[in-house]
Amino acid sequence: MRTDGERRTVAALDAAGLAYVRTRHGRVGSLAEAAAARGIEPADLVKTIVVRRGDDDFLLVLLPGDRTISWPKLRALLGVSRLSMPDAAVAKDVTGFERGTITPFGATRAWPVVVDARASGRRVSIGGGGHGVGIQLATDDLVRALGATVADVSEAA
């Protein structure tokens, strides 16, 4: 394993007893390139987005690659009036991962996870803790392992 992030991710997946396939490809410049490198459709590449609810209060939102956060839906789900996305440095501080490598498995702190309903019941690829590393697994297994909330929190990109 090439990075500490990848090691943490694999250790967390193994500890959860999840069946997964790890893939590696070179660095990519976009989600579409990453999906092509992994041999999947963009909708099957699930991105992990760090969202701030308040001071030292974050959550991870997992969305299919062809979707974006619907802020009104997410605020309604969480019962809050304000949410924001932290900058790259804060995202790294609160997860231990650089943007483009963030995954809910192996983060340095366990944050609540919301999975968009469109990702349910499918096999997807998520970040693997390092650039060019993907983890393919069943979304339903991911939800169970993380105790994630599944809800409609996205809109077309």
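Modeller: Two residues are in contact when heavy atoms of the one lie within 4.5 Å of heavy atoms of the other. The model discussed here is predicted.

Biologist: Which residues does Val50 touch, not counting residues up to four places away in sequence?

Modeller: Val50 touches Phe58, Leu59, Leu60, Met85, Pro86, Ala91, Val94, Thr95 and Ile102.

Biologist: What makes a set of residues a nonpolar core?

Modeller: The largest nonpolar core here has 24 residues, and Val50, Leu62, Phe105, Val115, Ile126, Leu137 and Leu142 touch the most other members. Among the elements that give two or more residues to this core are strand 2 (46-54), strand 3 (57-64) and helix 5 (139-146). Strand 3 gives the most, 3 residues. Another core, of 11 residues, lies apart from the largest one and includes Leu63, Leu74, Val114 and Ala151. In soluble globular proteins, nonpolar side chains tend to be buried together.

Biologist: Why does Thr48 count as buried?

Modeller: Buried means under 20% relative accessible area. Thr48 has a relative accessibility of 12%, and therefore it counts as buried. Thr48 is found in strand 2. Leaving aside its neighbours within four places in sequence, Thr48 is in contact with Leu60, Val61, Leu62, Ile102, Thr103 and Pro104.

Biologist: What makes a residue of the lining of the largest pocket polar, nonpolar or charged?

Modeller: The kind of residue decides: Lys and Arg, for instance, count as charged, whereas Gly counts as polar. The lining divides into 13 nonpolar, 11 polar and 4 charged residues. The volume of this pocket is about 530 Å³. Of its 28 lining residues, Lys47, Arg99, Gly100, Thr101 and Ile102 are the closest to the centre. Strand 2 provides the largest share of the lining, 5 residues.

Biologist: Which residues does the UniProt domain annotation cover?

Modeller: The unreviewed UniProt entry places the domain "YbaK/aminoacyl-tRNA synthetase-associated" at residues 28-144. Over residues 28-144 the chain is 26% helix and 30% strand.

Notes:
Residues are numbered from 1 along each chain as its sequence is written. This is a predicted model: local features need pLDDT of at least 70, side-chain atom pairs count only at pLDDT 80 or more; totals for chains, interfaces and linings use all residues. Side-chain values use heavy atoms; hydrogens and water are left out. A nonpolar core is a set of buried Ala, Val, Leu, Ile, Met, Phe, Trp, Tyr and Cys residues joined through side-chain atoms within 4.5 Å. Buried means under 20% relative accessible area, exposed over 50%, partly exposed in between (1.4 Å probe, protein chains only). Helices (H or I, at least four residues) and strands (E, at least two) are DSSP runs, numbered from the N terminus. On a 1 Å grid over the protein atoms alone, a cavity is a set of points where a 1.4 Å probe fits but cannot get out, and a pocket is an open set with protein on both sides within 12 Å along at least five of seven lines; lining residues have an atom within 4 Å of a point. Grid points are joined across faces, edges and corners, and a volume is the space filled by probe spheres set on the points. UniProt positions are given in the numbering used here, feature names are shortened, and annotations may be inferred rather than shown by experiment.
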